[in-house]
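Colleague: I've not looked at this one before. Could you take me through it and tell me what each label rests on?

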Amino acid sequence: MSYEPNTLQATLDTVQSGGAILYDIARDPGRWALFLDIDGTLIDIADSPDGITVPPDLPNTLEQISQLLGGALALVTGRALVYADALFGSHHFPIAGLHGAERRSSSGEVQRLERSGDFAALKERITDQARQWPGVLVEDKGLAIAAHYRQAPEYQQQVEAVMTHFAELAGPDYMLQRGKMVLEIRPSRASKGEALRAFLSEPPFQGRIPIAVGDDLTDEAMFRVANELGGHSIRIEETAAQSIATSALPSAAGLRAILGTLAQQRKQAGKDAS
Ligand SMILES: O=P(O)(O)OC[C@H]1O[C@H](O[C@H]2O[C@H](CO)[C@@H](O)[C@H](O)[C@H]2O)[C@H](O)[C@@H](O)[C@@H]1O
Ligand SMILES: [Mg+2]
């Protein structure tokens with residue numbers, strides 16, 4: 001990829017600021033609350049929803065950072081809550097799933113939007129339709145359904161047209177969510193931004209400054225809220241993307257390296273203190 005000189009400088013500046021913000025957590029951990037997207041942010045993008053690999057040290061790294069932050073670390077994902085939670089084994093972090101339509105607070109209480117309309121029938125129609133597109137994967141997430149064309153990009157336009165049509169049929173309680181090589185129909189009365197606000201209204205997040213890290217269109221809602229509340233927003237971008245995020249990092253691997261360093265520092269501080 002090539003950049004104009006000014007664009008390159010701006011990109012380098014935002015990338016540097018993304019790293020600096022995260023390293024700053026260690027200086028005053030009581031100040032910050034960290035909100036992390038999963039796919040494309042903590043975990044590398046794979047060919048299919050189930051093809052992802054969770055790096056073996058990631059759950060412990062997140063646990064260390066969560067402890068450093070007094071528990072003020074939450075996962076905010078488009079995945080179903082139960083699926084995303086299982087990725088981290090025995091660690092159960094506060095988490096928002098389905099772009100905010102379901103949420104488990106720090107106290108363990110789970111809130112979910114109610115199902116509305118005959119969504120089951122609509123999901124069947126989408127699944128039937130997708131059988132005509134070899135390689136397009138349908139991911140049924142309960143209150144949401146996604147059609148992934150990563151393995152069959154030739155169907156992008158058809159998937160887009162059909163999912164747009166079905167999102168209209170689903171009515172105002174649902175919306176079309178665009179993402180990385182995916183079109184999804186999901187509840188409209190939720191967003192990652194609202195999930196972030198909800199976490200921040202409760203301990204241990206209350207009174208802290210948010211740092212939101214994400215990689216995709218759905219994350220713009222949490223970037224907006226983090227920016228509004230005087231916090232930071234960091235976009236993971238392999239290639240330059242339009243975003244309201246105020247900072248950037250070049251890859252999920254880069255983010256994991258920073259989080260790994262923070263976790264190591266915390267472990268070392270624990271050893272030095274004992
Ligand atoms: O909000 P996130 O945690 O980033 O979740 C967003 C969506 O991620 C998954 O799809 C994406 O990742 C897949 C695995 O790498 C990839 O194959 C797909 O092309 C991406 O769109 C997940 O399957 C969706 O349910 C999430 O909404
Ligand atoms: Mg993502």
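Modeller: Among contacts in the protein chain between residues at least 6 apart in sequence, 56% join residues at least 24 apart. This is a predicted model, where local features need pLDDT of at least 70, side-chain atom pairs count only at pLDDT 80 or more, and totals for chains, interfaces and linings use all residues. Residues are numbered from 1 along each chain as its sequence is written, while chains are lettered from A and ligands numbered from 1 in the order in which they are written.

Colleague: How do you know that the radius of gyration agrees with a compact globule?

Modeller: The rule is 2.2 Å times the number of residues to the power 0.38, and the radius is taken over C-alpha atoms. For 274 residues a compact globule would come out near 19 Å, and the protein chain has 19 Å, so the two agree. Along its principal axes the C-alpha trace spans about 60 × 50 × 35 Å.

Colleague: What makes the backbone at H99 and M181 worth a look?

Modeller: Most residues other than glycine have a negative phi, and most peptide bonds are trans. H99 is not a glycine, yet its phi is positive at about 55°; M181, also not a glycine, has a positive phi of about 55°. H99 sits in the loop between β3 (95-97) and β4 (102-104), and M181 in the loop between β8 (174-179) and β9 (182-187). As for peptide bonds, the one from P203 to P204 is cis, with omega near 0°.

Colleague: How many helices and strands are there, and what counts as one?

Modeller: There are 8 helices and 12 strands in the protein chain.

Colleague: Why is ligand 1 said to lie between the domains?

Modeller: Domain bounds come from an automatic or database domain assignment, which here gives domain 1 (5-113 + 190-273) and domain 2 (119-187). Both give residues to the shell around ligand 1, so the ligand lies between them. A residue is near a molecule if its C-beta atom, placed from the backbone, lies within 6 Å of it. Of the 24 residues around ligand 1, I38, D39, P49, T77 and G78 come nearest.

Colleague: What makes a set of residues a nonpolar core?

Modeller: It takes buried Ala, Val, Leu, Ile, Met, Phe, Trp, Tyr and Cys residues joined through C-beta atoms within 7 Å. The largest such core has 47 residues, and V76 is one of those touching the most other members.

Technical notes. Helix = DSSP H or I, 4+ residues; strand = E, 2+ residues; numbered from the N terminus. Contact = placed C-beta atoms within 7 Å. Buried ≥ 20, exposed ≤ 12 C-beta atoms within 10 Å, placed from the backbone.
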